[in-house]
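Please keep the model open as you read.

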Amino acid sequence: MELIDDLTEDKDNYNKFYEQFGKNLKLGIHEDSTNRKKLADFLRYNSSASADEMVTLKDYVSRMKDNQKDIYYITGETREAVQNSAFVERVKKRGFEVLYMVDPIDEYCVQQLKEYDGKNLVCVTKEGLELPQDEEDKKRLEEAKAEFEGLCKAMKEILDKKVEKVVVSDRLVSSPCCIVTSQYGWSANMERIMKAQALRDTSTMGYMAAKKHFEINPDHPIIKTLKVKCDADKNDKSVKDLCMLLFETALLSSGFTLEDPTSHANRIHRMVKLGLGIDEDEVASGEAEEAPATDEMPPLEGDEDDASRMEEVD
């Protein structure tokens, strides 16, 4: 510990040390409960406020706003992926800093390091994220929840067991929707890591796999237009198709993998064909001789007559 203390006095040398042994420090936090608090002082992370310079947890706490109670962080595969995430956008817009944890060992480390200097570490991709709000923000959110209650209910019926619930979100800015996970389950990043384990415990995968909550942005034009269509006819098959596409896209942007990527690709291809004005029965030149009648794009969810239905969407 004394050697590390000495190194921290020289930033350049400590950065070199941390590059080589940072994972060991995080492993120590995961396994050594006695020295966990001391080791936490040596951690370094990039953040939404630090550009290319890594910051300590102490640095983060020193910059916290007066009304901020928690330390916000996000885990992911790369720095580029997390800093452009829809989850980070709202937190940054509110003026709060987000730590970027992009090392796989961070997922294990943060499970043990639940707080620092009396501040809870809160993952911005999980349910229960409560950013400081004024009364006007709270009122606006409650009004949005009431206004979009019908759409949320309809989307939950469509997605069924794919999600635990569909709710109005206050964490989104420019994205129409996102997938968040339950507070005590795995994050999307942790689920990805566990699926990559050759000797993973399949029973653990069952009860620890991320419980998905679908959050929609009431201010986004896609969600507003979808609400209009749903209010007019919640059984409109285009509502179901669009909901499925939004869900699958949100899975990808939130860091999950698709269970059936082929079906998702088929939906996208079908929409591209419709956008280009290609008839469903039309076969691309060069393919007609090989597959004159069997190379059609599969229909979107639950409908055989997609062309007329997508005209309604337009």
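## Ground rules

Two residues are in contact when heavy atoms of theirs lie within 4.5 Å. The model is a predicted one, with local features needing pLDDT of at least 70 and side-chain atom pairs counting only at pLDDT 80 or more, while totals for chains, interfaces and linings use all residues. Residues are numbered from 1 along each chain as its sequence is written, and side-chain values use heavy atoms, with hydrogens and water left out.

## Glu97 and its neighbours

Leaving aside residues up to four places away in sequence, Glu97 touches Ser47, Ser48, Ala49, Val55, Tyr60, Arg63 and Tyr72. With Arg63 there is also a side-chain polar contact of 2.8 Å. (A polar contact is a pair of N or O atoms within 3.5 Å; within protein, one must be able to donate a hydrogen and the other to accept it, and residues adjacent in sequence count only if both atoms are side-chain atoms.)

You will find Glu97 in the loop between helix H6 (86-93) and strand E3 (98-101). Helices (H or I, at least four residues) and strands (E, at least two) are DSSP runs, numbered from the N terminus. Is Glu97 buried or exposed? Glu97 is buried, at a relative accessible area of 9%; buried means under 20%, exposed over 50%, and partly exposed in between, using a 1.4 Å probe and protein chains only.

## Salt bridges

A salt bridge here is a side-chain nitrogen of Lys or Arg within 4 Å of a carboxyl oxygen of Asp or Glu. By this rule there are 16 salt bridges. One of them joins Arg192 and Glu77, at 3.8 Å from N to O. This pair links distant parts of the chain, with Arg192 in helix H10 and Glu77 in the loop between strand E2 (70-75) and helix H5 (79-83), 115 residues apart. Arg192 is partly exposed at 28%, and Glu77 is exposed at 52%. As for helix H10 (residues 188-195), six of its eight residues are buried, so the helix is largely enclosed by the rest of the structure. Those buried residues are Ala188, Asn189, Met190, Glu191, Ile193 and Met194.

In helix H8 (residues 135-147), Arg140 and Asp137 are three residues apart, about one turn, and their closest N and O atoms are 2.9 Å apart. Arg140 is partly exposed at 41%, as is Asp137 at 21%. An α-helix has 3.6 residues a turn, so residues three or four places apart point the same way. Elsewhere, Lys23, Lys26, Asp103 and Asp106 form a network of salt bridges.

## Lys227, with two partners

Helix H12 (residues 221-232) holds both Lys227 and Asp231, four residues apart. Their salt bridge has its closest N and O atoms 2.6 Å apart. Lys227 is buried, with a relative accessible area of 15%. Its charged end also sits over the ring of Phe148, 5.9 Å from the ring centre; this term asks for NZ of Lys or CZ of Arg within 6 Å of the ring centre and within 35 degrees of the ring normal.

## Aromatic pairs

Rings of Phe, Tyr and Trp (its six-membered ring) pair if their centres lie within 6.5 Å; planes under 30 degrees apart count as stacked, over 60 as edge-to-face and the rest as tilted. The count by this rule is five aromatic pairs. How are the rings of Phe214 and Phe247 arranged, edge-to-face or stacked? Their centres are 5.8 Å apart and their planes at 90°, so the pair is edge-to-face. Phe214 belongs to strand E8 (residues 212-216) and Phe247 to helix H13 (residues 237-253), so the pair ties together parts 33 residues apart in sequence. Phe214 is buried at 0%, and Phe247 is buried at 4%.

Ring pairs also link Tyr14, Phe17, Tyr18 and Phe21 into a cluster.
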